[in-house]
Amino acid sequence: MLDKIFRIATRQSPLALWQAHYVQQRLMSAHPGLRVELVPMVTKGDIILDTPLAKVGGKGLFVKELELAMQDGRADMAVHSMKDVPVSFPEGLGLVTICERDDPRDAFVSHHYDSIDALPQGAIVGTSSLRRQCQISARRPDLVIRSLRGNVGTRLGKLDAGEYDAIILAVAGLKRLGLEDRIRQAMPAEVSLPAVGQGAVGIECRLDDSVLIDLLRALNHDDTEVCVRAERAMNTRLEGGCQVPIGSFAVLEGNDLWLRGMVGAPDGRVMVSGERRGPRAQAEQMGISLADELLNGGAREILKEVYQGQPPA
Ligand SMILES: NCc1[nH]cc(CCC(=O)O)c1CC(=O)O
């Protein structure tokens, strides 16, 4: 077993590489002598940079090529931001490990202002996330939301060039890249409910690779896994895809899980939210029942509107 080289398929953005190196290091320190290498790849999501993700087929664009590499045996595992992992997996692959979550909040980044509330009338905010757009517009209908894509560094460059008064990024991504000092405010969940899985790193591999699955067990963080399972159960029940603004965020308070969820219209004019509290053993049921409450409370109409005629991706 020790002479095998375990290969991590990864995108080449600085954030993806950081996450792949992180898993490489954690595996090697949990299992001294283990050989782990990176296999850097280019995905469609990295090539199409000028169109909002929701329009070009969604976040799946970033993972499909990594999954092909695992199915072909060119790689053994892929490391993902849990936020970017679709609800379902191709035949034979699955998510086997979720590492400890870093700060799950959204980051308000600006040269002149300290928060959304401090922005002047009509200020320009950069984000291509429908979830962020929806919540910002609901709070401040006067603000102008402009699309913002590219790697974290590219996005910061556009802010620095004066294209926006503020932009929204994930705290975790900025921290991983050593750019924490750019954060003016970690936005409270009451202002911007995070995305499903935000701040957590997950590992996907072939489900018949029991050797690797055993090795990866040491990297799993049970509390994070429970929270992310609740969030993903809610998202799966909603069948939202990424054309719909959806936030889902769970925290543990001892053994009690507190799950909050929101579904909104992209323009923020309608927003449905709810919460559940219960024992951690009920994580997935809580996600499902919260999704049902949201659906009955108006989310069904929002989803129908977004998908008019076209089936969810
Ligand atoms: N959509 C890209 C993406 N996927 C994961 C993160 C941040 C890291 C994380 O949430 O784990 C980011 C960048 C961002 O939203 O600012």
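## Overall fold

Of the contacts (heavy atoms within 4.5 Å) between residues at least 6 apart in sequence, 68% join residues at least 24 apart in this protein. The structure is a predicted model, in which local features need pLDDT of at least 70 and side-chain atom pairs count only at pLDDT 80 or more, whereas totals for chains, interfaces and linings use all residues. Residues are numbered from 1 along each chain as its sequence is written, and side-chain values use heavy atoms, with hydrogens and water left out.

The protein has nine helices and 13 strands, taken as DSSP runs (H or I, at least four residues, for helices; E, at least two, for strands) and numbered from the N terminus. Along the principal axes, the C-alpha atoms fill a box of roughly 60 × 45 × 40 Å. Of the 313 residues, 50% count as buried, a term that means under 20% relative accessible area, with exposed over 50% and partly exposed in between (1.4 Å probe, protein chains only).

## Helix H3

Helix H3 spans residues 64-72, and its buried residues are Leu66, Glu67, Ala69 and Met70. They cover an arc of only 155 degrees around the axis, which puts them on the same side of H3; the arc is that of the directions from the helix axis to the C-beta atoms. Lys64 and Asp72, on the other side of H3, are exposed.

After H3 comes Gly73, with a positive phi near 85 degrees.

## Helix H5

Val152, Leu156 and Leu159 are buried in helix H5 (residues 152-160). Their arc around the axis is only 55 degrees, which puts them on the same side of H5. The buried residues of H5 pack against strands E5 (106-109) and E8 (166-170) and against helix H6 (171-176). Just after H5, Gly162 takes a positive phi of about 90 degrees.

## Helices H8 and H9

The axes of helix H8 (residues 222-238) and helix H9 (residues 283-307) come within 8 Å and cross at roughly 35 degrees, where axes are lines fitted to C-alpha atoms, for helices over the stretch in contact, and angles run from 0 to 180 degrees between N-to-C directions. By class, the contact of H8 with H9 has twelve nonpolar, one polar and four charged residues, with Ala, Val, Leu, Ile, Met, Phe, Trp, Tyr, Cys and Pro counted as nonpolar, Asp, Glu, Lys and Arg as charged, and the others, Gly among them, as polar.
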